[in-house]
Amino acid sequence: MSDNSKQISTETANSIQIEAKAKRREARQLLLISTVSVLVFLCLWELAVRAGWIDSKYLCAPTMVVETFLQKLTDPKPDGAVLGVHIITSLRLVLVGYLTAVIIGVPLGLIMGYYHTFDKLVSPIFEIVRPIPPIAWIPLSIIWLGVGTTAKAFIIFLAAFVPCVINSYTGVKLTPVVYLNVAKTSGASNWEVFWTVSRNYAMPLAFTGIQVALGNAWSTLVASELLAATAGLGYMIQQGRSLVRPDVIIVGMLTIGVIGAILTTLLSKLENHVVKWRSRA
Amino acid sequence: MENQEIKVQVNHLTKRFGDLLVLNDISFNIKKGEFVCIVGPTGCGKTTFLNLLTRLIDPTEGEILIDGEPADPKKHSISFVFQEPSAFPWLTAQQNIEYGLRIKKKSSEEIAAQSEKIIGLLGLEKYRNAYPHEMSVSMEQRVVIGRAFALNPDLLLMDEPYGQMDIKMRYYLEDEVIRLWQATGSTVLFITHNLEEATYLAERVLILSNKPANIKANINVDLPRPRKVSDPEFIKIRKEITDMIKWW
Amino acid sequence: MKKNQIKTRDMLLSALSILGLIAVWFLVSNSKPDFFPTPMATIERLIRLIEKPVMKISILGHVLASLKRVVLALIAAIILGVGIGLFMGWNKKVRAAINPILMALRPIPPIAWIPLIILLFGIGEFPKVLLVFIGAFFPIVMNTMSGVALVEDMYLKVGKIYKANTAQMLRHVVFPAAMPAILAGIKIAISSGWMVVVAAEMLSSKSGLGFLINRGRDSYDVALIMVAMILIGVVGALLSAVFTLIERKLCGWMSKE
Amino acid sequence: MDEQRVVKVHLENISKSFASRKMIFEAVNHVTIDVYKNEFLVLLGPGQCGKTVLLNMVSGLETPTEGKVEFIDSDATDLGFVFQKTAVFPWKTVMENVEMPLELKGVPKAERRERAQYLIDLVGLNGFENSLPKQLSGGMKQRVGIARAYCNNPQVLLMDEPFGALDAQTRYQMEEEILRIWEQEKRTVIFVTNNIEEAVYLADRIIVLSACPATVKEVYDIALPRPRDYVDTEFLRIREAIEANTDLAL
């Protein structure tokens, strides 16, 4: 688009000013509404507990949550570990299972999507295992691998593995025939067509799979820690329940949410870097 | 032009999908370096015909020879410009142009020299590192055509590449493809619905009949270049072709 | 190769892989029976489970208990999720008000809510349905909102040209155009809801398939765990299969001809 | 044709600019056009931008930053619009698509069905009343768009490159079709295109617009009798004169 802003008349210029000002005013207005609604939500919550509508034994006020959060930063009581230790235990656990799932799942999905015979051989097994939620595997894996980290890492691997395979598989299947034909008519071998075309085209969808896998891994981690753990954020909120400390539960839940959000943003930054050819539309 | 050796021989080409006969016993020859246009009514099997030539699909009967041997993408270099935009979104303009050369495992000097030449001919020096989503439709199509010519192909097939362009852009691209054809001396087979475009570009026009398609006529267009659309001789040839095609 | 030749070859390959899976199951379970129930033991346990109820509830009773919780929660999540999602997608002010709260709660996995909900509402039916609701609500409201916000600008133009009022715009243009995204959201909600109901039942329940697994775990009845897991898989697959049929019927105009 | 030319739509000194963060982009720059009653007017210009924005200002989809659009003895509401990308609703059958303008006006079902049926027959789609757009070809979808545009009996029809996405031969066919329909149901038509051959074939008058920002470069009166022949010498002469005068939008 050519930048021809030099010779436009004054009347057009100031009518654009008006338009721009209106847009800015609307944006400010929306921001105001958002902040007000969040404040109202917090005040209602605070009021509900203070005025006794909800018994403070079961739900604590936001101010209490902040206090406990600050206290938990340094004090291992009451759930036996400082917030930092819980976070690191959980992170170490989730990353082991998650990264293995990505490293094995994405290539497997890509190859399954491209090579027909391999697809027909592997996908039936996959279709049988897929509908069973990873959490249902916890009891069996505890019996096989005990309560330690290997059992939990295996569950997280299962939870993350499925979306990686499916999305990479779909990515390859959706490759437009025209791209494949360009490669074939240039004399590319079957492997070259896969490597130079399908693999690249499927990358954005593979990343969607990696994102979904992260969400699955993170929630399965919490489940496995709820069931059997000695530390970690899931364990912390479980302790909060048994010690009837709603503030500890809520601090644990918020930390899980915040860390989950951070991991997701880091991942999309990596995606933007790797798949820089995709239009930002 | 007669004694030039034959580049492409098509003998009794027939194609049947189940019991639907699409191409019926087509035979013709194309000389080396010739620019042939193929026209025919909508849906008469032109694209099937092209897919057969590039061995994307196998014929039911008949054979296709390039320099006397059965056509094979691995042995011969056949380039194809498809109708819908086919620049690889994950490659820059220059990488797209060099794609075919890399597959054919050409030496890096050869690749660099050839891609520089094509980028020069297309005048895309400023856009060599742009990704397809940063280009206009016409620029992307020019990169795709550059990629096809970069291979110095034995046979270059183009399936209605300028269908969506506005008229001034189409004139520009038609002149550009003629320039590229003259510079590389490749043999070009150009499919189009637009009869004026066929008359403007072709040294010879092959007219396909309705389904099941057969060669209905073979019209030589020996007009000097660059041709003028309103020149009486041009109009006569265009009228001749239109009367054979007009089904509406 | 002809079409039907390819078909038979594919059937063969799939059969081969399933047989392979069963063979592996045989081998592994025979070597460590108490770790891994043999196929025979699992089938026996299934038959015994059908005859003898657990906690006075038959096997069908447990399946229905889980299904009831999921279906109830889904209906609530669809009504609220689509309703709120439509409003948020269509009206900027409503979105500005509700979105921040949703964005804060969304990253918290539904399973992380279990301790708090149990603390607040105990271990009856309501907390379990509420948990499944949380698991199902977020995907639906998010997909509906983005579905409405991403309606093709051209369809909106047609509506504007013919002076459609807001109600007509929603009924004729926005809702049908957003339908595919809404249905995708519901599909995710079903699998997420099914996962949450199993987790909730494993942590605190006297009925349902999650409870059966827990029962197997407590009494080291590995065969029961396996039977319960297979049931969860089968019922889960049926749920999403039923939904795909509904989706094809509702969105027939979508699929390519 | 000159004396009884009655002005139907008057565009007075229209300009339109869009402000993005970094720069101000001007799409239309001081355009003044008179559109005569029941005239087939073609706005011809290269590539995208200007023309479509100009049409959107006539239809009220966009408000001009400067100048105004006047409709003479008919208000701006009853308009028909045919888009380039076939803006036919994929979830509605052909009948439901065509009758929609009247349905939105609250016209009872029987009456609007009758009107829609007449138009479906007019554009040659009878027998396809209950099919879905996914079962129709590109050309047929555009016929639905044209039928819908006529549905609420508009005074003015606006068409934004309606045949832009069709192949050359279907395009020739649709150009003949639109003229046949226009002869039967005479309305004021403002037709936007970048195809010069199509413009000369269809238009009573052609207004050639420059590339962005759109300004009026030249006005051509096309006095050729209808139906016109693409390869007729006079036709080609006019076409080449216009081609020499249009810009190349690379």
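How many residues does the contact take from chain C, and how many from chain A? In this predicted model, the contact takes 43 residues from chain C and 49 residues from chain A, and of the five pairs of chains in contact, chains A and C are the pair that shares the most contacts. Chain B and chain C, by contrast, do not touch, their nearest C-alpha atoms being 10 Å apart.

The size of an interface is often given as the accessible area lost when the parts come together. Between chain C and chain A the buried area is about 4300 Å², and carbon and sulfur atoms give 83% of it. There are zero salt bridges between these two chains, while the count of residue pairs in polar contact, with both residues at pLDDT 80 or more, is four. On the side of chain C that touches chain A, at least two residues each come from α1 (3-31), α4 (92-105), α5 (114-121), α8, α9 (209-218) and α10 (222-250), and the largest share, nine residues, is supplied by α1(C). Sorted by class, this side of chain C holds 35 nonpolar, three polar and five charged residues.

Once its neighbours within four places in sequence are left aside, D:L54 is in contact with D:L11, D:I14, D:V28, D:V31, D:I33, D:L43 and D:L209.

Turning to charged pairs, a search of the whole structure finds 43 salt bridges over all chains. In one of these, the side chains of B:D67 and B:K7 meet at 3.1 Å, N to O; B:D67 sits in the loop between β4 (61-66) and β5 (69-70) of chain B, and B:K7 in strand β1 (residues 6-17) of that chain, 60 residues apart, so that the pair links distant parts of the chain. B:D67 is partly exposed, at 38% relative accessible area, whereas B:K7 counts as buried at 6%.

Another salt bridge pairs D:E240 with B:K228, their closest N and O atoms being 3.2 Å apart. Because D:E240 lies in helix α7 (residues 233-245) of chain D and B:K228 in the loop between β10 (215-220) and α7 (232-245) of chain B, this pair joins two chains.

Methods. Residues are numbered from 1 along each chain as its sequence is written. Chains are lettered from A and ligands numbered from 1 in the order in which they are written. This is a predicted model: local features need pLDDT of at least 70, side-chain atom pairs count only at pLDDT 80 or more; totals for chains, interfaces and linings use all residues. Side-chain values use heavy atoms; hydrogens and water are left out. Contact means heavy atoms within 4.5 Å. Buried area is the accessible area (1.4 Å probe) that two parts lose on being put together, summed over both. A salt bridge is a side-chain nitrogen of Lys or Arg within 4 Å of a carboxyl oxygen of Asp or Glu. A polar contact is a pair of N or O atoms within 3.5 Å; within protein, one must be able to donate a hydrogen and the other to accept it, and residues adjacent in sequence count only if both atoms are side-chain atoms. Helices (H or I, at least four residues) and strands (E, at least two) are DSSP runs, numbered from the N terminus. Ala, Val, Leu, Ile, Met, Phe, Trp, Tyr, Cys and Pro count as nonpolar, Asp, Glu, Lys and Arg as charged, and the others, Gly among them, as polar. Buried means under 20% relative accessible area, exposed over 50%, partly exposed in between (1.4 Å probe, protein chains only).
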